[in-house]
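Let's take a walk through this one together, starting with the overall layout and then moving on to the ligand and the core. Have the viewer open as you read.

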Amino acid sequence: MTAQVIDGKAFAGRVREKVAAQVASLKAEHNITPGLAVVLVGEDPASQVYVRSKGKQTVEAGMNSYEYKLEADTSESDLLAMIDKLNADDNVHGILVQLPLPKHLNEDLVINRIAPSKDVDGFHISNVGLLGTGQKSMVPCTPLGCLLMLRDHHGSLSGMDAVVIGRSNIVGKPMAQLLLNDSCTVTIAHSRTKNLADVVRRADIVVAAVGRPEMVPGDWIKEGATVIDVGINRIETDEGKTKLVGDVDYDSCAAVAGAITPVPGGVGPMTIACLLANTVTACCRIHGLAEDNEFTA
Ligand code: NAD
């Protein structure tokens with residue numbers, strides 16, 4: 001079997017188009033322009049690239065983008081004061097603090113200071129609890145993007161066996177929760193899991209979110225399974241160049257899977273598209289307007 005490629009880039013383009021149409025109608029019918037504030041502390045190069053890309057796509061969707069770049073030695077109290085200001089700002093519907101933060105800042109404290117209604121990353125403890133109890137919440141962007149691709153490919157996920165490799169708060173745990181809410185039988189595997197190959201072989205859906213280049217080989221994949229590769233790893237090629245690879249060995253997995261997301265061009269583009277969708281969702285909820293449920297969990 002040769003897997004169908006799930007084209008996250010094209011899917012993300014469709015999400016962005018629909019988000020832009022929603023933004024246009026919010027402006028025309030309600031005179032509201034959704035606004036996303038992104039706060040970057042320090043000068044981590046990867047974070048700078050992400051923040052630039054988020055700002056650009058926010059503007060392209062017709063929304064207001066507010067970028068705050070703070071010095072690496074910004075104090076916790078100054079950062080919390082900035083979040084308080086954004087929480088109170090009616091032009092701001094989404095707030096994202098780019099992680100990781102410099103070590104002297106307490107990430108949990110900072111994230112939990114964001115108003116849950118504006119927490120477009122879905123990391124606030126209230127949103128985590130709402131998701132965990134199957135209630136309406138803001139859902140973390142990367143797992144939301146994975147879920148939307150899975151639903152698009154399969155329709156209903158009910159009764160499917162899903163294995164999520166990785167238990168981070170950002171990807172693994174919310175991904176497992178979303179799959180459970182969609183009635184999958186979910187196993188969360190992690191660095192201490194015994195017989196990982198056997199665990200993965202049971203799965204109809206495999207989501208790999210580990211951060212280890214090409215660690216999942218094709219002979220771990222059940223014939224016809226759907227493989228969602230969240231990993232983004234830069235490796236050196238034999239020619240001395242670098243390239244991006246995922247957490248699964250693409251060629252051997254694609255030979256047995258029913259469907260697979262490539263890296264790049266799979267989960268990555270969906271993450272920012274879902275951030276834009278979450279910002280519109282937050283804006284609609286804040287203003288008590290009907291939201292488009294197509295891009296929520
Ligand atoms: P993390 O480091 O926080 O978590 C990694 C998880 O993998 C841990 O829970 C750990 O238990 C598990 N793990 C480590 N070694 C393992 C092993 N040998 N076997 C099984 N499990 C093992 O990472 P994260 O933030 O969840 O990110 C995971 C990957 O996804 C990274 O490559 C990251 O760059 C990528 N990522 C991509 C996007 C995107 O938009 N595509 C977004 C977030 C993260």
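Which domains does the domain assignment give for the protein chain? Keep in mind that this is a predicted model. The assignment gives domain 1, covering 30–115, and domain 2, covering 141–269.

Now turn to the ligand. It has 21 residues around it, and Arg167, Ser168, His190, Val230 and Thr271 come nearest. By type, the shell splits into nine nonpolar, ten polar and two charged residues. Helix 10 (residues 267–286) gives the largest share of that shell, with three residues.

A polar backbone atom of arginine 167 sits 2.8 Å from an oxygen atom of the ligand, and a backbone N or O atom of isoleucine 232 is 3.1 Å from a ligand oxygen atom. With arginine 212, it's an N or O atom of the side chain that lies 3.5 Å from a nitrogen atom of the ligand. On its own the ligand has 860 Å² of accessible area, and the protein covers 71% of that.

Finally, the core. The largest nonpolar core has 54 residues, and Val19 and Leu179 touch the most other members. Helix 1 (8–30), strand 2 (35–41), helix 6 (141–154), strand 5 (161–165), helix 7 (172–181), strand 7 (205–208) and helix 10 each put in at least two residues. Helix 10 turns up here again: its eleven residues are the largest share of this core. Both domain 1 (30–115) and domain 2 (141–269) contribute, with at least three residues from each.

Note on methods
Residues numbered from 1 in each chain as written. Predicted model: local features only at pLDDT ≥ 70, side-chain atom pairs only at ≥ 80, totals over all residues. Heavy atoms only, no water. Domains from an automatic or database assignment. Near = heavy atom within 4 Å. Polar contact = N/O pair within 3.5 Å; in protein donor to acceptor, adjacent residues only side chain to side chain. Areas by Shrake-Rupley, 256 points an atom, 1.4 Å probe, with all protein chains shown as cover. Helix = DSSP H or I, 4+ residues; strand = E, 2+ residues; numbered from the N terminus. Nonpolar A, V, L, I, M, F, W, Y, C, P; charged D, E, K, R; others polar. Core = buried A, V, L, I, M, F, W, Y, C linked by side-chain atoms within 4.5 Å. Buried < 20%, exposed > 50% of the residue type's maximum accessible area, 1.4 Å probe, protein only.
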